[in-house]
Amino acid sequence: MAVAPGDTRFEVAGHLTGNHIGGRWVAAQSGQRRADVNPADFSDVLGEFAESGGADVDLAVEEARRALGHWSGIGPVERAAFLTRALHLLEERTQELARAITREQGKLLKEAVGEVRRARAVLEFTAGQARLLGGVTAPAEEPRTFAYTFRRPIGVVGLISPWNFPLAIPMWKVAPALLAGCTAVLKPSPLTPLTSALLVDVFQQAGLPDGVLNLVQGDAAAGEALVANPAVAGISFTGSLPIGTAIHTGGAHRLLRTQLELGGKNAVVVCDDADLDKAVDAVVHGAFGQAGQRCSATSRAVVDVRVREEFLARLVARVGRLRVGPGFDPASELCPVVDTVRRDAALAAIAGAQRDGGKVVCGGGRAERADLPDGCYVQPTVIRDVPWDAELAQEEVFGPVLAVVDAEDFDDALRIANSVKYGMSGTVFTASQSRAFEAMDRFEAGMLHVNRPGVGAYAHLPHVGDKASQYGPPECSPEVFDFYTAWHSACIAY
């Protein structure tokens, strides 16, 4: 399905609109379908994709179960060869994938290219772990006894991925699952079905054996069936706290293994000795990149009152110049949000902050221009004087809305930063080495940053949250294999 360089709309190959089960593209058994609409232009419908139910999930799980014995038996080095072939194909198909991401998710084309690059980095790192998936030798308590540890794949896994990174997040689930020797059923967001279909198509093109990676498109019914299927040994989920909690409790009766990456309400602490230009750059990137639709997005700037006015003046000057527009327009600097639900939630959060005493100093409504198509456009919004315990300062918005919260000093700023139930990412801007290290000790967040944007970690570092942002082992990094494998020990008397 090649895409010409200048095209923004391309035909979706018919087979990619179905599920991929046991090596074949098939329609949902119910025959139901769901339209995939470009959030930048409601008149652009990419196609109608399968809307699956429990019967489709059960079939996919059964195919994954059948493929498990062969796949787990060939060893990680041979499995890595498939990942390496997929890596080369991913590079060849970068533009095709990036354009699909932009068209169905809405992000700027350069952001989509960056996402493909991140997916390649994750795949490259994971393939390189093949020769490291061993255990350790240990001393025995008896003579002539050899003791050691080793890993085994946990079995069939369900991978439930979100819409905000429709390629990178599925990749950092699929790649380690496959390398570990698990077989998988991927259930992506119904808002981004095409990108997930293309990912599976890449692995199919790489020669992955039938049934090792299966794709089931659909919404809650498919996800619930995946959690309920007794042949599924583990669920890796990225999404909201309520749904993650429901997955965990729904599988608890059968001791289902879960890996849950949940919400975030991330703060950038701006100290009175901060480089304000660098802090503003980081906040603009963190709060308004991808329209704020990242689990690690900056949604709070906690600013020392001694530099508040200067910081706000520089920030508002920058944000007020951001051009909202479609992802394919090279002049666009801020993309639409993914759908009308997210648009309305962002607008409701702005109205709620004003009722709580916040003052909108930039943006505050829908973005409307004569040249904008009918889509999900929200102005980049900055709200000052937000009380630290107001809803906007406590709850995730997942849109281009930044709360600026006053802090009396460094200790007060850390108190405010830690006042939320989440703990995904934390950032501090300061010229003080002492404050930087103290913040790393005291910030209740899984991913910590000093004097740089707080938007996630590298492919080889744990992507992990603290408190209600994470349950189970991290994603990415070598630690991810603590989810997809189980430890065993052996003692051999000779």
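Is Asp385 buried, partly exposed or exposed at 23% relative accessibility? Before I answer, please keep in mind that this is a predicted model, in which local features need pLDDT of at least 70 and side-chain atom pairs count only at pLDDT 80 or more, while totals for chains, interfaces and linings use all residues. Residues are numbered from 1 along each chain as its sequence is written, and side-chain values use heavy atoms, with hydrogens and water left out.

Asp385 counts as partly exposed, because its relative accessibility is 23%, where buried means under 20% relative accessible area, exposed over 50%, and partly exposed in between, with a 1.4 Å probe and protein chains only. Asp385 sits in the loop between β15 (381–384) and α12 (391–394); helices (H or I, at least four residues) and strands (E, at least two) are DSSP runs, numbered from the N terminus. The phi of Asp385 is near 60°, a positive value in a residue other than glycine.

Ala291 also has a positive phi, near 55°, and lies in the loop between α9 (276–288) and β13 (298–304), but Ala291 counts as buried, at 0% relative accessibility. Most residues other than glycine have a negative phi.

Turning to helix packing, α2 (residues 76–92) and α6 (residues 193–205) pack at an angle of about 125°, with their axes 8 Å apart, the axes being lines fitted to C-alpha atoms over the stretch in contact, and angles running from 0 to 180 degrees between N-to-C directions. The two helices, α2 and α6, are therefore oblique to each other, since angles under 35 degrees count as roughly parallel, over 145 as roughly antiparallel, 65 to 115 as roughly perpendicular and the rest as oblique.
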